[in-house]
4 protein chains.
Amino acid sequence: MINNVILVGRLTKDPDLRYTADGQAVANVTLAVARNFKTSDGVVETDFINCTLWRKTAENTANYCKKGSVIGVTGRIQTRNYENETGQKIYVTDVLAESVKFLGTKPQQSRELVEN
Amino acid sequence: MINNVILVGRLTKDPDLRYTADGQAVANVTLAVARNFKTSDGVVETDFINCTLWRKTAENTANYCKKGSVIGVTGRIQTRNYENETGQKIYVTDVLAESVKFLGTKPQQSRELVEN
Amino acid sequence: MINNVILVGRLTKDPDLRYTADGQAVANVTLAVARNFKTSDGVVETDFINCTLWRKTAENTANYCKKGSVIGVTGRIQTRNYENETGQKIYVTDVLAESVKFLGTKPQQSRELVEN
Amino acid sequence: MINNVILVGRLTKDPDLRYTADGQAVANVTLAVARNFKTSDGVVETDFINCTLWRKTAENTANYCKKGSVIGVTGRIQTRNYENETGQKIYVTDVLAESVKFLGTKPQQSRELVEN
DNA sequence: TTTT
DNA sequence: TTTT
């Protein structure tokens, strides 16, 4: 079945790189992605999307990107759930990155050129 | 910023259609999307992805689709959070559908034709 | 740079499988993809999109699909150009498939559930 | 049927803005999109993808972008054909833009962070 | 709360 | 836990 995601957004903090027990690099980042439309009272909201990166992609992103960096991510949505300490079921959704592209770090004035 | 999702999967239950106070139709569905790869022990896992549909898209999907229907969804990831009764912060991620395509209901033998 | 395509459409003819001089399987297919909107005079038009498949993807698609099959393709747009016999420059654009998913063969009543 | 494209690339020249007989703005641009992989002899090739923009999207892109600008485009592939003066059938494929996002103009050091 |  |  098809499951494809493409994001361009800004890192909310430095990538958090770790290694699994068997030595696989893994990093988690959160992308702030401003919406292209406003609420009824004119506010631009932002979605905060968690992404999981593996291996070289994780290491390279940790090396080249930091809080505020603009990156493009392609990947797929993944879901899982677990029970927390209090026995409550917690549902987790994030994006498993297949590729990451570094798009810059400057106070970049990205600008929406569409109107429908 | 860019935020695009494309999914093809199966409804885990009948669409749940409601109306907001001001009369907007809204439906929630969950798509079961089998992964295209197996775990290290050969299991095909499935992601369960919640989608929110509005207006005509919500009504049409509720009319034409049911548990087991295969649909294609394009849209964007949205996130929000709230505090539950016990004061715990709950993070919610789902897909805001922009279009929905009905792709059939049969015991459809979808088959992956890729190998990398 | 980012270049991602997702298509669901119908094969206009049986896949055409060949092998390169060094034994790589390659297949060309054309996908008929009906548009989700009508012309000003109410006609639904169709785009005919050429796709190139390689290796296992080519062989599996040739084995499992035929004229009329509905498939999903993810991949990227590629362009090239050459001069024909009369010295005229010919520009060619097609989709390099990264994955192909077989979605059925029946006279499938795919139905658009969106309206904006 | 599904037909979705997402591109991030660089304008090969200034947008070419025109108006149809009935006053609709339309612009054509070509995006240079470097591939994320090399040929067998280590060359990074580039695809040159024609895009058609309409109305506000056309006008805004013509106003804010120029040769070298990096933009993100979402849209769909469209195909058409015609006979040229010599009676030869010419097939044309381009991307009908649904949204355009301006991502900067600097000699932007976009960098691929993936490896597969 | 999960579909075939 | 949120970026500019």
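Reader: How many salt bridges does the rule find across the interface of chain A and chain B?
Author: This is a predicted model, where local features need pLDDT of at least 70, side-chain atom pairs count only at pLDDT 80 or more, and totals for chains, interfaces and linings use all residues; side-chain values use heavy atoms, with hydrogens and water left out. Residues are numbered from 1 along each chain as its sequence is written, while chains are lettered from A and ligands numbered from 1 in the order in which they are written. A salt bridge here is a side-chain nitrogen of Lys or Arg within 4 Å of a carboxyl oxygen of Asp or Glu. Across the interface of chain A and chain B, the rule gives 2.

Reader: Which residue of chain B meets R76(A) in a salt bridge?
Author: The contact is between side chains, at 3.4 Å from N to O. The partner of R76(A) is D47(B).

Reader: What area do chain A and chain B bury between them?
Author: In contact (heavy atoms within 4.5 Å) are 28 residues of chain A and 28 residues of chain B. M1(A), R76(A) and T79(A) supply 27% of the area that chain A buries against chain B, more than any other three residues. Buried area is the accessible area (1.4 Å probe) that two parts lose on being put together, summed over both. For chain A and chain B, with 51% of it on carbon and sulfur atoms, this comes to about 2600 Å².

Reader: Which element gives the largest share of the side of chain A that touches chain B?
Author: The rule finds 10 residue pairs in polar contact across this interface, both residues at pLDDT 80 or more; such a contact is a pair of N or O atoms within 3.5 Å, where within protein one must be able to donate a hydrogen and the other to accept it, and residues adjacent in sequence count only if both atoms are side-chain atoms. Two or more residues each come from β1 (3-11), β3 (25-38), β4 (44-54), β5 (70-83) and β6 (89-104) of chain A, strands (E, at least two residues) and helices (H or I, at least four) being DSSP runs numbered from the N terminus. The largest share, 7 residues, comes from β1(A).

Reader: How many salt bridges are counted between chain C and chain D?
Author: About 2600 Å² is buried between chain C and chain D, 52% of it on carbon and sulfur atoms. R76(C) and D47(D) form a salt bridge, their closest N and O atoms 3.3 Å apart. The count between chain C and chain D is 2.

Reader: Is R55(D) buried, partly exposed or exposed?
Author: R55(D) is in helix α1 (residues 55-64) of chain D and has a positive phi of about 50 degrees although it is not a glycine. Most residues other than glycine have a negative phi. Buried means under 20% relative accessible area, exposed over 50%, and partly exposed in between (1.4 Å probe, protein chains only). At 49% relative accessibility, R55(D) counts as partly exposed.

Reader: Which elements of chain C do the buried residues of α1(C) pack against?
Author: In α1(C) (residues 55-64), T57(C), A58(C), N60(C) and T61(C) are buried. An α-helix has 3.6 residues a turn, so residues three or four places apart point the same way. The buried residues of α1(C) pack against β2 (16-19), β3 (25-38), β4 (44-54) and β6 (89-102).
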